[in-house]
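Here is a short tour for anyone who likes to look at a fold piece by piece. Please have the viewer open as you read.

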Amino acid sequence: MEEYRIIHSKQYWYPTQFIRDNLITANILTHQTSNSIHNSNKTRASYLLLCVVSGKLYLEQYAQTFTITAGQGVFINLNDAYTYYSDTAEGAEFYTLSINGKPLEGIVQTLSSNEFFPLAFNFRIMKAAILKCFDILSARETQFEYTLSMHLYQLILEISSPYLASIQKSSGRSNSWFIRKIEMFIFRHIEDKITIQMMADALQLKPFHVSRLFVEHFHITPTQYVISSKISHSKKLLTETSLSVGQIAHSLGFSDQSHFCKTFKRCCGITPLKYRQHRELT
């Protein structure tokens, strides 16, 4: 028996054909919680932002199962078969934002042709921007469609920019498939304790082969690359969120705060707290 309870405003809007042809628009925004949700319905939208506040959701698409945990979000292409559901014991609290509009097609085509759907992103960073859509659609002020479209376009660019940048960087390189795939694997699993074996399994290669390709293309070991990526992401969290240093350490898979601080100082020359304080002054 499905349990489905809305715990926040659920906004509906049915845009005209003119709006769909010329703007990016959202027609359904929800904030909900469930102990047993299973959704694979057809919608009026072409794309969906699915963001988990607590618990976890499972997404099945392209013959794979993706786990979306608290603080994570995914951008999904609804034109391809999909289904998402929650753990019946743990349940989930999550937001959904259904999006469509022809101005999105160029971005989506580029991402789709490079097999980058579903796109992972950090919901903690994007939460304020996503909730802004609720406010715009709820108020329905004069010509709100244009305000909403500008906001959504910026939101989609924020989410997709790491993927688009990876495509751009790798387009002229030899073995760009490896660079593109490994950059996106690290991006999607930045909060996990990433091992060489995990990367090898994802690329369907032997661990020694992965190590050789890392040295060949990045001139560092896989472990050094993972640490560098985590530290780079931690800088974004330090400057763009109010998460504590301990919370950031935990979210990036460090064994403890001390380990994170030592690693950060070794890479950057200062502690995470001093880095945050310095950025606040600039």
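This is a predicted model: local features need pLDDT of at least 70, side-chain atom pairs count only at pLDDT 80 or more; totals for chains, interfaces and linings use all residues.

**Helix H3**

Helix H3 spans residues 123-139, a run of 17 residues. From its first C-alpha to its last it reaches 23 Å, close to the 24 Å expected at 1.5 Å a residue. At the start of H3, the backbone nitrogen of Arg-124 has a side-chain oxygen of Asn-122 within 2.8 Å. Just after the helix, Arg-140 adopts a positive phi of about 50°. Buried residues in H3 include Phe-123, Met-126, Ile-130, Phe-134 and Leu-137. An α-helix has 3.6 residues a turn, so residues three or four places apart point the same way.

**Strands E5 and E8**

Strand E5 (residues 47-61) and E8 run antiparallel, joined by 5 bridges. Tyr-58 has Tyr-85, in E8, as its bridge partner. Because 4 of the 5 residues of E8 (residues 82-86) are buried, the strand is largely enclosed by the rest of the structure.

**Cysteines**

How many disulfides does a search of the whole structure find? The search finds 0.

| Residue | Relative accessibility | Class |
|---|---|---|
| Cys-51 | 1% | buried |
| Cys-261 | 22% | partly exposed |

Note on methods
Residues are numbered from 1 along each chain as its sequence is written. Side-chain values use heavy atoms; hydrogens and water are left out. Helices (H or I, at least four residues) and strands (E, at least two) are DSSP runs, numbered from the N terminus. The expected span of a helix is 1.5 Å times one less than its number of residues. Buried means under 20% relative accessible area, exposed over 50%, partly exposed in between (1.4 Å probe, protein chains only). A polar contact is a pair of N or O atoms within 3.5 Å; within protein, one must be able to donate a hydrogen and the other to accept it, and residues adjacent in sequence count only if both atoms are side-chain atoms. A disulfide is a pair of cysteine sulfur atoms within 2.5 Å. Two strands pair if DSSP finds at least two bridges between them.
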